[in-house]
Amino acid sequence: MTNSTLLVDKNQETRKLLIVATPTYTRPLQAYYLNRLAYTLKLAKAPLLWIVVEMNLQSEETADILRRSSVMYRHLVCKRNLTDIKDRQVHQRNVALSHIETHRLDGIIYFANEDNVCSIDLFQQMRHIRQFGTWTVAKQP
């Protein structure tokens, strides 16, 4: 009886926490992009934590999308006063990283922009990362 318990324990797949950090801001297609990403994240195997960082304040629309997503999430705000709009996502990502560090979250971090399309295969491949992993990303000119 003890041996069969050990075999089951050895065969169980251990999964590291996937932490998906998404910077976002209010704009016409924001809800569409967040919903699309939420549906993709729902398909990923647990454990997964979605950190969504907004500028200045938490919008009610984003909060509602996150609540309905059935994905474990943290809804954060970047209160940095910016003069250059290009730096927005950098500061939002830093807020996510600071949250991860402060709460000592241990996992694989992926920065997923809401307007990008992610394949569920990406998250499955990320599960194989043990210490550090990188891969190329195509970018439109």
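A residue is called buried when its relative accessible area is under 20%, exposed when that area is over 50%, and partly exposed in between, with a 1.4 Å probe and protein chains only. Helices (H or I, at least four residues) and strands (E, at least two) are DSSP runs, numbered from the N terminus. This report applies these terms to a predicted model, in which local features need pLDDT of at least 70 and side-chain atom pairs count only at pLDDT 80 or more, while totals for chains, interfaces and linings use all residues. Residues are numbered from 1 along each chain as its sequence is written, and side-chain values use heavy atoms, with hydrogens and water left out.

## The sheet

Strands of a sheet pair through backbone hydrogen bonds, either parallel or antiparallel. In this model, four strands make up an open sheet with parallel pairing, in the order β3-β2-β1-β4. Two strands are said to pair if DSSP finds at least two bridges between them. The strands β3 (73-78) and β4 (107-111) stand at the edges, and each pairs on one side only. From one strand to the next, the twist averages 20°; such angles run from 0 to 180 degrees between N-to-C directions, and the axes are lines fitted to C-alpha atoms, for helices over the stretch in contact.

Strand β1 (residues 17-24) and strand β2 (residues 48-55) run parallel and are joined by seven bridges. Within this pair, Val20 has Trp50 of β2 as its bridge partner.

Two helices pack on the sheet. Helix α3 (residues 60-68) touches β2 and β3, and its direction makes about 165° with that of β3. Helix α4 (residues 88-102) touches β1, β2, β3 and β4, and its direction makes about 135° with that of β2. Contact here means heavy atoms within 4.5 Å.

The buried residues Thr62, Ala63, Ile65 and Leu66 belong to α3. Seen down the axis of α3, these buried residues fall within an arc of 160°, so they line one face of the helix; the arc is that of the directions from the helix axis to the C-beta atoms. The exposed residues Glu60 and Arg68 are carried on the face of α3 turned away from the buried side. The cover over the buried residues of α3 includes α2 (30-43), β2 and β3.

In α2, the buried residues are Gln30, Ala31, Tyr33, Leu34, Leu37, Ala38, Thr40 and Leu41. These residues pack against β1, β2, α3 and α5. The 14 residues of α2 should span 20 Å at 1.5 Å a residue, and the end C-alpha atoms are 21 Å apart, which agrees; the expected span is 1.5 Å times one less than the number of residues.

Asn35 is also found in α2. Its relative accessibility is 22%, so Asn35 counts as partly exposed. Leaving aside neighbours within four places in sequence, Asn35 is in contact with Ile65 and Arg68. Asn35 and Ile65 are 30 residues apart in sequence, yet their C-alpha atoms are 6.7 Å apart in space.

## The nonpolar cores

A nonpolar core is a set of buried Ala, Val, Leu, Ile, Met, Phe, Trp, Tyr and Cys residues joined through side-chain atoms within 4.5 Å. The largest such core has 22 residues, of which Val20, Leu41, Leu48, Trp50, Tyr110, Phe123 and Met126 touch the most other members. At least two residues of this core come from each of β1, α2, β2, α3, β4 and α5 (120-126). The largest share, five residues, is supplied by α2.

Not counting residues up to four places away in sequence, Leu48 touches Leu17, Leu18, Val20, Leu41, Val71 and Met72.

His99 lies in helix α4. With 13% relative accessibility, His99 counts as buried. Neighbours within four places in sequence aside, His99 is in contact with Ile51, Arg74, Leu76 and Leu105.

## Backbone exceptions

Most residues other than glycine have a negative phi, and most peptide bonds are trans.

| Residue | Phi |
|---|---|
| Ser70 | near 60° |
| Asn56 | near 70° |
| Arg104 | about 50° |

Ser70 follows α3. Asn56 has its place in the loop between β2 and α3, and Arg104 in the loop between α4 and β4. At 74% relative accessibility, Arg104 counts as exposed.

The peptide bond from Ala46 to Pro47 is cis, with omega near 5°. Pro47 is found in the loop between α2 and β2.
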